[in-house]
Amino acid sequence: MTRLEAIEADITTLAVDVIVNAANSSLMGGGGVDGAIHRAGGPDIRDECIAIVERHGPLPTGRAVITTAGRMPAGHVVHTVGPVWGTVDEHEAVDLLASCYRSSLDLARDALAASIAFPNISTGVYHFPKRLAAEVAIQAVSDWVGDDPGTVESVTFVCFDRDNLVFYRDLLRI
Ligand code: AR6
C-alpha cells in the first residue's frame, strides 16, 4: 500500500525520485517554490523547460511535464500549473487542482518512481484556500493510489508553513 505523509521542509533538499514544482504556464521560473527549484537545480532545468515550451507551447493549468532535477538530490522534477483562485468557479478550480496531482502522479509512475514529494500547489501567490487545497490534494492522491499506484510507494506532502502542516496532519490523522 502507498504511504501518504506530511512533513515541514524545503522541497529542494529532498532525495526522492520526483519532486513536484508549482510552476506557471511559461515554465520559465518565478517566485515561491518555483524560484527555489530553479535556483537550486540550476540552468539544465530551464533549458529543458524551454525545449518543452518550444515543442508544445505553454503548459495548460492542471497538466504536468517532467524534466531533470539538475543539481538537486531528487531524481526528476515534475512541473505542474495550479489554478489561480478566483479566475474560474470553485468547482473548476477544485477539478484543476486535483488534475495537477493526478497528472504529476501519472508522470511519476511512467518514470518508475517509488517516491514523490508535492508542495502545497496553488496555496501561495495563487491564493487557493489552504484547507480546501489540502482536502483536494489528499483526496486526489488517495483516489489515484487506490486505482493503480504502479511503482509509487510513498507520497510526501511538503509543507513550508505551519498552517499547511496542521491541516495535512489533521486530515491524514497523523
Ligand atoms: N519548499 C516547499 N514549499 C515551498 C517552498 C520550498 N522551498 N517555497 C515555497 N513553498 P507558490 P502557487 C510553498 O507561491 O501558489 C510562482 O511564482 C509556499 O509556502 O510557490 O502555486 C510560479 O512561477 C506555498 O505553500 O505557488 C507561479 O507563477 C506553496 O509552496 C506561481 O508562483 C505554493 O506557493 C504559482 O503559485
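Q: How far from an oxygen atom of the ligand does a backbone N or O atom of Tyr126 lie?
A: This is a predicted model, where local features need pLDDT of at least 70, side-chain atom pairs count only at pLDDT 80 or more, and totals for chains, interfaces and linings use all residues. Residues are numbered from 1 along each chain as its sequence is written, and side-chain values use heavy atoms, without hydrogens or water. A polar contact is a pair of N or O atoms within 3.5 Å. For Tyr126, the distance is 3.1 Å.

Q: What share of the ligand's area does the protein bury?
A: Accessible areas come from the Shrake-Rupley method with a 1.4 Å probe. Taken alone, the ligand exposes 700 Å². Of that, the protein buries 90%.

Q: Which residue has a polar side-chain atom 2.7 Å from an oxygen atom of the ligand?
A: Gly31 also lies 2.7 Å from a ligand oxygen, but through a polar backbone atom. The side-chain atom belongs to Asp34.

Q: Where do the buried residues of α2 fall, seen down its axis?
A: Helix α2, a DSSP run (H or I, at least four residues), covers residues 43–56. Its buried residues (under 20% relative accessible area, 1.4 Å probe) are Ile45, Cys49 and Ile52. An α-helix has 3.6 residues a turn, so residues three or four places apart point the same way. Judged by directions from the axis to the C-beta atoms, the buried residues of α2 line one face, within an arc of 60°.

Q: Which exposed residues does the opposite face of α2 carry?
A: Exposed means over 50% relative accessible area. On the face turned away from the buried side sit Pro43, Glu54 and Arg55.

How values were computed: Helices (H or I, at least four residues) and strands (E, at least two) are DSSP runs, numbered from the N terminus. The expected span of a helix is 1.5 Å times one less than its number of residues. A polar contact is a pair of N or O atoms within 3.5 Å; within protein, one must be able to donate a hydrogen and the other to accept it, and residues adjacent in sequence count only if both atoms are side-chain atoms.
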